[in-house]
Structures are given as C-alpha cells and as structure tokens.
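Me: I want to learn to read a model feature by feature. Can we start with exposure and then move to the fold?

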Amino acid sequence: MTTIISLDGGFGRIVTAIPALLKYHKNHPDEEWYITIPGWDFIMWGFSELQERTFNPDARGSFDLFWKADRVISPEPYRVPAYYRNEISLREAFDVAINDSTDHSDLPPMQLKLSYQEKRRAFEVVEQAKKMHKKEKTILIQPYGSTATPHQSGIFDDSLRSIPKPMLDYFIDELFKNYNLIFMGAKEFHNVKTYKPDPDLNLREWAATIGAVDYFIGCDSCGQHICKALNKPASVMIAGTHRINITYDNFHIIERDVPFYPDAMRISGFQSHMSSRLNEPRIEFTQEEIEIAYQEIINKIEGETKPKVIAQQPKEIKGVSYN
C-alpha cells in the first residue's frame with residue numbers, strides 16, 4: 001500500500017506537523033509513504049525518517065507519486081473540532097488529522113534539524129549584530145505575520161497576528177539601549193535601530209539564527225514555532241488567535257485580558273472575518289500594559305532580580321498575561 005500525506009500552509013504550520021509525521025513513520029514501518037509540501041519541502045531536510053520521502057508537488061515528476069498511490073491524506077488541523085474549540089494545540093491537531101489519534105502521550109516533541117553550514121551562517125549574523133550594536137546579549141525580533149500589509153498611516157494586520165506599532169516602537173526603543181537587535185521580516189518594514197542581514201537569509205538560515213541568539217520576541221508566526229523546536233526562550237504577543245492552539249506553555253505570552261472569539265479559518269471565511277472584528281480590542285494595548293509586558297520580557301532575559309526599568313511600580317490592572 002502506498003500513501004501520500006499532502007500538507008499545505010505556512011512554514012510554521014508545517015513545522016508543527018513534524019511530530020505527527022515522525023509518529024506516523026514509527027507506526028507504519030513497512031508502508032511505502034511520501035510527503036508532499038508546496039514550497040516548504042526543505043523543512044524536512046536532516047530527518048532520516050522524512051527527508052528522502054518528501055517532495056514538492058509542483059516539481060516535475062511529482063504527479064507520478066500520486067498516480068501510483070492507493071491513498072492520499074490531506075490533513076487539515078483547523079477542521080479538527082477539538083482545535084477550533086481551543087482545546088488542543090496545532091501539533092496535537094496534526095496528530096488527530098494524520099494518525100487518527102487523540103492520545104498524544106507518544107507524540108514526539110517539536111524539533112528541527114539544522115546543518116553545520118546553516119549554523120555557521122547564523123554565527124556570522126549574530127556577530128555582525130554585535131559589531132553594530134556592541135552589546136553583550138542579542139535578541140531577534142519577528143514583529144509581523146505573513147498578513148501584515150503597509151498602509152500610508154502605518155503597518156496593519158487585519159488578522160491581528162502582528163505586534164501593534166505602539167508596542168513594537170516602545171520595545172525597540174527600550175531594548176536598543178542594552179541589547180543587540182536583529183530584525184526578521186520584510187525589508188520595507190525594517191526599523192533602523194535593528195540589524196537586518198542583507199542579502200536576506202533563507203528560512204533555514206533564519207531558523208539557525210533564532211537558535212543562535214539569546215532571546216526571541218515575536219507574534220503568531222513561524223519564528224515562535226522555530227523557537228519551540230530549538231528550545232529557545234521567547235515572548236510572544238497574541239491577539240487574533242488562541243494561546244492553546246498556536247503557542248506554548250513555557251513561553252512568556254503577551255495577551256490582553258479580554259474575551260477571545262474563536263476563529264473559523266479554513267472553515268468559514270465569513271465567520272473568521274466576524275471573529276476578527278470582535279477580537280480587535282485584544283490588540284488595543286494601553287501604554288501601561290505595554291510597559292508591564294516590556295518589564296516581563298526583561299525579567300525573562302535577565303532573571304527576576306534585574307532592577308526595574310519602569311520608574312514606578314505598576315498598578316494592578318487587567319491586560320497582560322504574567323506567564
């Protein structure tokens with residue numbers, strides 16, 4: 001029997017599928033099976049169980065795999081009820097969709113395999129940032145998701161997955177004083193107080209660079225999934241998506257204490273749009289909330305004994321998670 005597992009979606013989504021694919025391999029030792037991923041087949045490089053069975057469906061000859069297949073699985077984790085009810089993570093939803101399993105106790109951890117060459121390139125990037133900013137520790141910032149778009153009044157993300165401008169500006173202005181900053185994102189969005197490699201890195205090199213820095217600050221995008229795969233500490237802002245679904249318990253989560261309205265992505269475009277409208281207050285951080293979030297980041301980087309960077313003790317307010 002020949003099986004094809006046909007994946008799609010963004011880089012981070014594919015990274016979260018790796019544990020379920022490794023579990024599938026373990027449970028089907030004698031089966032002929034393949035993986036197809038448009039554009040992101042290189043994510044599987046380095047995995048002896050996955051690399052040689054992974055193909056880009058848009059490459060010449062790939063249709064031959066489908067022609068001889070007995071079964072094609074097109075896993076859609078967003079349509080797993082426990083996922084859209086905000087009960088399980090994306091990693092676990094792939095386990096349901098690929099392995100038909102609700103027992104996730106044997107699911108491997110998040111992971112990536114990086115080459116020596118990629119790690120050397122990451123070392124060069126970090127050294128360049130140190131040379132530019134001359135600080136001891138280095139932070140990589142990925143503030144924007146793939147749906148962020150420029151506007152004459154700023155940069156906006158209607159999916160609410162990107163760090164809002166007032167928060168980002170404050171973070172960069174303050175962090176710039178004591179840390180080397182590396183910017184991961186589009187060239188037109190670059191803040192000049194941060195170092196951006198030119199020419200830009202490919203995504204595997206970016207993954208290696210995340211692995212080489214001291215800390216990561218980001219949003220609901222691929223960087224945070226890479227952090228989990230490489231066991232890198234992180235602060236992640238979320239607003240338009242749910243923490244159980246898309247991020248990780250050991251991260252510092254920056255989130256307003258206001259209701260979340262479940263998303264219906266890949267189920268109902270209309271409902272997804274309606275949910276985004278109701279979730280907009282979740283990204284409207286006050287200045288006080290931003291400053292508290294920043295202090296939490298410093299505590300995570302330096303430890304709880306780091307002297308306060310905010311002049312006065314913040315009042316007790318609802319708004320930012322203290323995970």
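Reply: Start with a cut-off. A residue is called exposed when its relative accessible area is over 50%, buried when under 20%, and partly exposed in between. Keep in mind that this is a predicted model.

Me: Is lysine 134 buried or exposed?

Reply: Lysine 134 has 66% relative accessibility, so it counts as exposed. It sits in the loop between α5 (116–133) and β5.

Me: Which value does phi take at arginine 266?

Reply: Phi is near 65 degrees there, again positive in a residue other than glycine. Arginine 266 belongs to the loop between β11 and α10 (269–279). Its relative accessibility is 31%, so arginine 266 counts as partly exposed.

Me: And the peptide bonds? Where is a cis one?

Reply: Between aspartate 198 and proline 199, with omega about 10 degrees. Proline 199 lies in the loop between β8 and α7 (203–212).

Me: Now the sheet. What is the strand order?

Reply: First the idea: strands of a sheet pair through backbone hydrogen bonds, either parallel or antiparallel. Here five strands form an open sheet, ordered β8-β5-β9-β10-β11, with parallel pairing. β8 (180–183) and β11 (252–254) are at the edges; each has a single partner strand, so one side of each lacks a neighbour in the sheet. From one strand to the next, the twist averages 20 degrees.

Me: How many bridges link β10 and β11?

Reply: Three, in the parallel sense, with β10 covering residues 234–237. Within that pairing, serine 235 has histidine 252 of β11 as its bridge partner.

Me: Which helix lies across the sheet strands β5, β8, β9, β10 and β11?

Reply: Helix α6 (residues 165–175) does, and it runs at about 165 degrees to β5 (138–142).

Me: How do I read the faces of a helix?

Reply: An α-helix has 3.6 residues a turn, so residues three or four places apart point the same way. Take α10: its buried residues are Ser272, Ser275, Ser276 and Asn279. They span an arc of only 105 degrees around the axis, which puts them on the same side of α10.

Me: Which exposed residues does the face turned away from the buried side of α10 carry?

Reply: Phe270 and Arg277.

Key: Residues are numbered from 1 along each chain as its sequence is written. This is a predicted model: local features need pLDDT of at least 70, side-chain atom pairs count only at pLDDT 80 or more; totals for chains, interfaces and linings use all residues. Side-chain values use heavy atoms; hydrogens and water are left out. Two strands pair if DSSP finds at least two bridges between them. Helices (H or I, at least four residues) and strands (E, at least two) are DSSP runs, numbered from the N terminus. Axes are lines fitted to C-alpha atoms, for helices over the stretch in contact, and angles run from 0 to 180 degrees between N-to-C directions. Contact means heavy atoms within 4.5 Å. Buried means under 20% relative accessible area, exposed over 50%, partly exposed in between (1.4 Å probe, protein chains only). The arc is that of the directions from the helix axis to the C-beta atoms.
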